[in-house]
Amino acid sequence: MLTPSPPRTTAIIVGSGLAGLSAASQLISHNIPVRLLERAEKPGGNSIKASSGINGAPTKYQNVSDDAFYADSVKSAGKAMHSLTAEREKLIEALTNKSAAAIDWLVDEKGVDLSKVAVLGGHTYARTHRGAGQTPPGFAIVSTLLKGLKESPLFHLQTSCTVTKVLQSGPRVTGVEYACDDGKKEELHGPLIFATGGFGGDAEGLLARYRPDLAGYPSTNDPRPGTQPLLTAIGAQLIDMDQVQVHPTGFVDPAAPESPLKFLAAEVLRGEGGLLLLDGKRFINELETRENVTNAITATPPVSTSPKQWEVQLILDEGVYKAAKSHIDFYIFKKLMRKSTISDLDSNALPSIQEYAKAAAGKQKDSFGRTQFANWTLVDPTPESVVYVGAVTPVVHFTMGGVLINEKSEMLNEKNEPIEGVWGAGEVTGGVHGGNRLGGSSLLECVVFGRIAGEKCVEFVNSKQ
Ligand code: FAD
Ligand code: SIN
């Protein structure tokens, strides 16, 4: 008589954003059952909102040979590189060296369209990938991975269930305690991958504790508590908790200018050729890092203190419109942008746009040092020239800090030793981006470290069978 094989250990994943889904896909591909717990009603987290794209280099869609991604990431991380330098370098190496494989995995294995490439701020080359059609990149990637996972009988997703405690036996992590909106409270046992996202929405809690100076800033993140305290309770080390990214361009909705939750004006609009005006004048190379663009805006007095807001205009021409049509049509539909003419703008705008157009046409050097103008085509701006305009302001967007992991996605304790039985990936972790994350590198970190976490969890499960 055949002895039935023992049931396979089930891996637990907390968080259904891109990091959790990437880890789950990896586990399922090795026939390891997955229980995915998600506190929201619907899966996808912030990942599903991602609008500009995912970085990768070199890939088949880039038209330049690109070996500068690592250097750009280190430069953007800035002064943070002075502490834990070797650990940070290994994380950035993993991020950038595995970026091409991450794009290949999404495109070739999963069938996501990522054929369009744009440059974002702080990048030497265009390396942020999105699809050529109407679907924004976050939605395209998340929905494709979810669909694939749901086809497997080994995948079990529970939404509206919040993990409230991580369980340990001695120093080893053994599972979680969770509570669901229907009143159910349970324990679940197994190896654990934590992929619970950042704390940008935790205005009264972690954000207030680590960055009280950001009080009153609007945000692109829905209000929600951060989850790092669940992990410090098991000895996880925190890093860079005060490094919070303020994105320079959240839309100020003319119908609700005081709303603290802003719709993001995707950086790809500047990447495709858009420019910024403050009082009708340019003030910076729009493709500087987010940190630098934001600092240039916030060095001027805000126009309102509750929420703390500035009045910057994002200006696009017909060439940029064609290149980012699906984004812009959507923003126009939401009444966050309007089609207009230069005569409708501040009186300083015409000479500013004329200067920009000359630099874009190669007739003179840009006075702010911008060298990439992508799809800007307007050569001779006049008061009648058509432009697309939106009001934008800096917004709390992303938290670079979190629990420290190593390049194997192992969660580290205060002695920099791995905590057995738990891995971390995505925005809940810290150390990968230092003081400033490059646009497009968050989706990338989710795929790279999510897949590593899945792979290491597979090895762990197999070693115990
Ligand atoms: P998330 O996608 O946020 O998922 C975490 C999930 O964990 C959430 O669903 C949350 O509900 C769940 N969770 C949290 N705590 C618990 C708990 N205790 N129990 C159960 N579940 C829990 N990055 C890019 O690289 N490119 C872009 O174009 C881009 N655009 C963006 C646009 C917007 C508007 C925003 C807000 C962010 C954007 N980002 C972009 C950043 C990027 O989307 C996120 O940082 C990244 O997707 C985070 O993924 P994640 O899987 O770590 O977390
Ligand atoms: C954006 O679309 O501007 C966000 C990109 C990112 O956060 O990486």
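Which polar backbone atom lies 3.2 Å from an oxygen atom of ligand 1? In this predicted model, the polar backbone atom in question belongs to Leu 18. On its own, ligand 1 has 1000 Å² of accessible area, of which the protein covers 97%.

The shell around ligand 1 comprises 39 residues, and those that come nearest are Glu 38, Ser 47, Ser 52, Glu 427 and Ser 442. By residue class, this shell divides into twelve nonpolar, 21 polar and six charged residues. Several elements of secondary structure supply at least two residues each to the shell, namely the helices α1 (18-29) and α13 (441-464) and the strands β7 (161-169) and β18 (386-399). The greatest contribution to the shell around ligand 1 is that of α13, which gives four residues.

The protein chain is assigned two domains, with domain 1 formed by 11-243 + 400-464 and domain 2 by 247-396. The centres of the two domains, taken over C-alpha atoms, are separated by 30 Å, and 28 residues of domain 1 are in contact with 29 residues of domain 2. In the UniProt record, an unreviewed entry, residues 11-443 are listed under "domain: FAD-dependent oxidoreductase 2 FAD-binding". In the model, the span 11-443 is 26% helix and 24% strand, and the C-alpha atoms at its ends lie 22 Å apart.

The residues of the shell are Ser 51, Ser 52, His 247, Leu 264, Ala 266, Glu 267, Arg 290, His 397, Arg 437, Gly 439 and Gly 440, and they divide into two nonpolar, six polar and three charged.

Polar contacts to ligand 2 involve both side chains and backbone. A polar side-chain atom of Arg 290 lies 3.0 Å from an oxygen atom of ligand 2, while for Arg 437 a polar side-chain atom is found 2.7 Å from an oxygen atom of the ligand. A polar backbone atom of Gly 440 is likewise 2.7 Å from an oxygen atom of ligand 2. Taken alone, ligand 2 exposes 260 Å², and the protein buries 92% of that area.

Most residues other than glycine have a negative phi, and most peptide bonds are trans. By contrast, the peptide bond that joins Ala 57 and Pro 58 is cis, with an omega of about -5°, and Pro 58 is placed in the loop between β3 (54-55) and α2 (69-77). A cis peptide bond is also present from Ser 306 to Pro 307, where omega is near -5°; Pro 307 lies in the loop between β14 (304-305) and β15 (308-309). Lys 335, a residue other than glycine, has a positive phi, near 65°, and is found in the loop between α11 (325-333) and β17 (338-341).

Methods
Residues are numbered from 1 along each chain as its sequence is written. Chains are lettered from A and ligands numbered from 1 in the order in which they are written. This is a predicted model: local features need pLDDT of at least 70, side-chain atom pairs count only at pLDDT 80 or more; totals for chains, interfaces and linings use all residues. Side-chain values use heavy atoms; hydrogens and water are left out. A residue is near a molecule or strand if one of its heavy atoms lies within 4 Å of it. A polar contact is a pair of N or O atoms within 3.5 Å; within protein, one must be able to donate a hydrogen and the other to accept it, and residues adjacent in sequence count only if both atoms are side-chain atoms. Accessible areas come from the Shrake-Rupley method with a 1.4 Å probe; for residues, only the protein chains shown count as cover. Ala, Val, Leu, Ile, Met, Phe, Trp, Tyr, Cys and Pro count as nonpolar, Asp, Glu, Lys and Arg as charged, and the others, Gly among them, as polar. UniProt positions are given in the numbering used here, feature names are shortened, and annotations may be inferred rather than shown by experiment. Domain bounds come from an automatic or database domain assignment. Contact means heavy atoms within 4.5 Å.
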